[in-house]
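Let's take a friendly walk through this chain, with an eye on packing and ring geometry. Please keep the viewer open as you read.

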Amino acid sequence: MAKETNELIMSQVQADIWRCISGFTEMAVAKCAIELGISDFLESHQEPVPLRQLSTALGCSASSLYRILRFLINRGMFKLVSTGNGEMGYVQTPVSRLLKRDGENSMAALVLLESSPVMLAPWHYLSARVLSKENSTGAFCAAHGKDLWEYAKTNPEHSKLINDALACHARVTMHAIMNNCAEIFKGIESLVDVGGGNGTTVGMLVKAFPWINGINFDLTHVVSVAPPCHGVVHVEGDMFHSVPKAQAAFLMWVLHDWSDEECIKILKKCIEAIPKERGIVIIVEAVVDEKIGKEKGVKDVGLMLDMIMMAHTSNGKERSAKEWDHILSAAGFSSHSIRQTTAIEPLILAYP
């Protein structure tokens, strides 16, 4: 009996290691599904789609497509059901709908960014950052000879991948924020989105709350290709030097790219930009904490994002509530609060 128990444990342990070994597989196959347009095609059909019809429509091998879908079905992406006439057909699931190439809730751009060769290469150099005791050697720099932002500045195609991915994240996250925390934006007459990319976030805010005058603030090579947006002014600049004046400053997925010292510099510039009495800084970032988001099981997502920061930034990291408290206090904020939403990341509301 003991021997059988030990063998069962060993079998489970080996299965765990195999999941680790093949961890990349899931992202690679999801990328394949996006490139083939599986989710887009199924979304346009009300009835289950048989394999032969799907492979013909997508112009691919039926046997290979079957294996791709079998893998994804086992991961909860897509589902195989009866068509009603003796055949089996494929349908969407809530997860597979996030793999559509278009749509407000699509997360396809994030998959395409993280699975790109440029973003995959630094993972092979993760130990370079760990062995660098003062974080003087980043994994991305070790792979490409420059940091992510310098690389994007000189590579427009990759810069677009980044902007598309951030816009994708913004659409998903901002819906949760606006649906759950609309009262935060009441009375805000002007708002600057610091590191706002192509302006998707501030554009959504201005559309939802038309009394806000929006400013999309980012580096020159980013805002120069940002599309026009009603109620939004695109402003180029460097957040380490200054931030445009506004009643509120908004930062989403910005501070986790930088060290504590760099975050404090950015936040001090935000304090200079907002009024002392009515000003507010709204931060959307992961909080890696046992008590934050425990019910939704999002802690693991925060820890994975932290590893992404290690691979793709020189000094970035995800932070605990205690670490956020340190940064915000050091920057000069008099108070702050953390507010959970239905998004993966909570809101951090900071007051000067």
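The coordinates come from a predicted model. To get oriented, take the UniProt annotation: an unreviewed entry assigns "domain: O-methyltransferase dimerisation" to residues 18-99. That span is 55% helix and 12% strand, and its end C-alpha atoms are 25 Å apart.

Leu 99 sits in the loop between β3 (88-91) and α6. Is Leu 99 buried or exposed? With a relative accessible area of 7%, Leu 99 is buried. Setting aside residues up to four places away in sequence, Leu 99 touches Ile 34, Ser 39, Met 77, Ala 108 and Val 111. Its C-alpha atom is separated by 16 Å from that of Thr 25, 74 residues apart along the chain.

The buried residues of α15 are Gly 302, Leu 305, Asp 306, Met 309, Met 310, Ala 311 and His 312. Against which helices do they pack? Their partners are α6 (108-114), α7 (117-120), α8 (126-131), α9 (139-144) and α10 (148-154).

Gln 247 is another loop residue, placed between β6 (232-236) and β7 (248-252). Gln 247 counts as buried because its relative accessibility is 8%, and buried means under 20%. A polar atom of the Gln 247 side chain lies 2.9 Å from the backbone nitrogen of Glu 189. Beyond its neighbours within four places in sequence, Gln 247 also contacts other residues, including Gly 187, Ile 188, Pro 275 and Arg 278.

Now for the rings: the whole structure holds 5 aromatic pairs. Two of them are set out here.

| Pair | Geometry | Centre to centre | Angle between planes |
|---|---|---|---|
| Phe 140 and Tyr 151 | edge-to-face | 5.8 Å | 80° |
| Phe 209 and Trp 211 | tilted | 5.5 Å | 45° |

Phe 140 belongs to helix α9 and Tyr 151 to helix α10, so this pair ties together parts that are 11 residues apart in sequence. Phe 140 is buried at 2% relative accessibility, and Tyr 151 is buried with a relative accessible area of 15%.

Finally, Arg 319 places its charged end over the ring of Trp 324, 5.5 Å from the ring centre.

Conventions: Residues are numbered from 1 along each chain as its sequence is written. This is a predicted model: local features need pLDDT of at least 70, side-chain atom pairs count only at pLDDT 80 or more; totals for chains, interfaces and linings use all residues. Side-chain values use heavy atoms; hydrogens and water are left out. UniProt positions are given in the numbering used here, feature names are shortened, and annotations may be inferred rather than shown by experiment. Helices (H or I, at least four residues) and strands (E, at least two) are DSSP runs, numbered from the N terminus. Buried means under 20% relative accessible area, exposed over 50%, partly exposed in between (1.4 Å probe, protein chains only). Contact means heavy atoms within 4.5 Å. A polar contact is a pair of N or O atoms within 3.5 Å; within protein, one must be able to donate a hydrogen and the other to accept it, and residues adjacent in sequence count only if both atoms are side-chain atoms. Rings of Phe, Tyr and Trp (its six-membered ring) pair if their centres lie within 6.5 Å; planes under 30 degrees apart count as stacked, over 60 as edge-to-face and the rest as tilted. A charge sits over a ring if NZ of Lys or CZ of Arg is within 6 Å of the ring centre and within 35 degrees of the ring normal.
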